[in-house]
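Subject: Structure handover, aromatic contacts

Dear colleague,

Here is the structure I said I would pass on. My notes on its aromatic side chains follow below.

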Amino acid sequence: MKSSAASRPWADAAVLFALKACFSALVVWSGFRAISDDDYARTVLAQHFVESPALDPSGTSWLPLPFYVYGGAMRLFGSSLSVARGTAFALGLVSALLGYWAAHLLGFSRRGAFVGATLGAVFPYAAYLGTAVVPEAPAAALTLLAAATLGAPPKLRLLGAAALFAATAARYEPWAVSLLFAVCTLWDVYKTRNPSFLPPAALAVAFPALWLLHGIFVHGDATFFVTRVAAYRAALGPEHDFVERLLRTPKAFVVGEPEMVLVLASFALPTLVRTQGLTTPLKRLSLVALSVVAFSMLADLRGTAATHHGERALLTAWLVSALLIGAAVDRAPQLSQSARRTALGGVAFAALAGAFLRVHFPREPFVDRRSAVAIGALAARTGVVRLAVDAPDYSFFAVQAGFGQPSRTRVLDDRDPRKPRPPDALTRDARALTAALSRDGFTHLALRRDRVPLAQSLGRVSGENADWALLAISQR
């Protein structure tokens, strides 16, 4: 009997793993490939990391750990976009299992753990981010695991701090949680007089401290990442007024995953309060979600939030919501019959209201760069050694990612809004452009098909698809 009982969590984990794999496969089958051009930019930086390893692979505000992970996978299996996507798929599966582990660390029953972890693995943003080449899914899962240890003894707390070290090296939202983690852990030192809690408290904030030192010694500014993001957003155009920026994150939290948030409000929290109340671990778990929301609100106010799909910064808060719903399912049998009917009514209301909000507040569309990737891949397959790219937007990252060797590419215009717009290279002096590209060894140019007439004097089309063309540059 003991052996059978002990095997149940593993069986549930296997089912969860299979469910997550199926949902991720459905997302890919639906045509989804990327959240935004950031996915391709990160892939290109990982490919650069394989070619030229560096402690800070991006040299920008982006944190380094994702490039170590994706670059490591590319070093083993090749620097293709497929390897990056395969790595993202695998990290999504691991993230789902980390959510299940977090539920068990919180003391959930088998049913509550499975419901909370499954919900956290399959809701729409979790499904999309679980296959995208961005670090939100593993960073949020690691943060959730850390949050689940906030009521644990020192050894498990140290595990949570290690998870936070990794999460804070991948995304900035966990920085707020690392501070909360350290404060809660120091409070436990004070209450218990147990110095064994001190190492977890220190480890939780270790990476943010190291990154600030990195800013001082390498960039001459401890908060260089804030300055850079703020400058980039400011260059994109004027921000909204104060009230709109203040409400942007709370609105995104609700309308980004309305069913989740409404079930939390109408069923989970009332059920938890009516039964045994919020235990200390659940209170701290809730504080983690609130800290992430508060951090995102502050970023909005300072003009340092993500420029595309800012909702993804709220993934940790939604994962916490999923676990709280799992905890409520755990306790639902303790409710009276009338309270159960009220709870079911709350869930029905949440489903209907959530559907209404999804219709009236549709999410920002995800980017589709499949044809740009395809032209880069075509150039790689046909043996192009050095490729120039002319793009009307940030799709040049997708071309480079498809090509797989970014150091052998040149972008004619990087579209950085912080720089003055240069003259159009194709209309300024085609002969000079051809000579310059040929001199530097560039034999082909990838460009949009509607731009081909402007580039006819450069050479001939050697390949094309629905949106892009590959031009063989005349050697002069």
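Does phenylalanine 366 count as buried or exposed, and at what relative accessibility? Please keep in mind that this is a predicted model. Phenylalanine 366 has a relative accessibility of 16%, and because the limit for buried is under 20%, this residue counts as buried.

There are 20 aromatic pairs in total. One of them joins tyrosine 128 to phenylalanine 366 in an edge-to-face arrangement, with 4.6 Å centre to centre and 65° between the planes. Tyrosine 128 belongs to helix α6 (residues 124-129), while phenylalanine 366 is in the loop between α17 (337-360) and α18 (370-381), so this pair ties together parts that lie 238 residues apart in sequence. Both residues are also members of one aromatic cluster, formed by Phe32, Phe123, Tyr125, Tyr128, Phe253, Trp318 and Phe366.

A second pair consists of phenylalanine 207 and tryptophan 211, and it counts as stacked because the planes are at 25° and the ring centres 5.8 Å apart. Both residues are in helix α11 (residues 206-219), 4 residues apart, so about one helical turn separates them. Phenylalanine 207 and tryptophan 211 are both buried.

For arginine 42 the ring is that of tryptophan 62, with the charged end 4.2 Å from its centre. For arginine 386 the ring is that of phenylalanine 442, and the distance to its centre is 4.5 Å.

Regards

Key:
Residues numbered from 1 in each chain as written. Predicted model: local features only at pLDDT ≥ 70, side-chain atom pairs only at ≥ 80, totals over all residues. Heavy atoms only, no water. Phe/Tyr/Trp six-rings, centres within 6.5 Å; stacked < 30°, edge-to-face > 60°. Helix = DSSP H or I, 4+ residues; strand = E, 2+ residues; numbered from the N terminus. Buried < 20%, exposed > 50% of the residue type's maximum accessible area, 1.4 Å probe, protein only. Lys NZ or Arg CZ within 6 Å of the ring centre and 35° of its normal.
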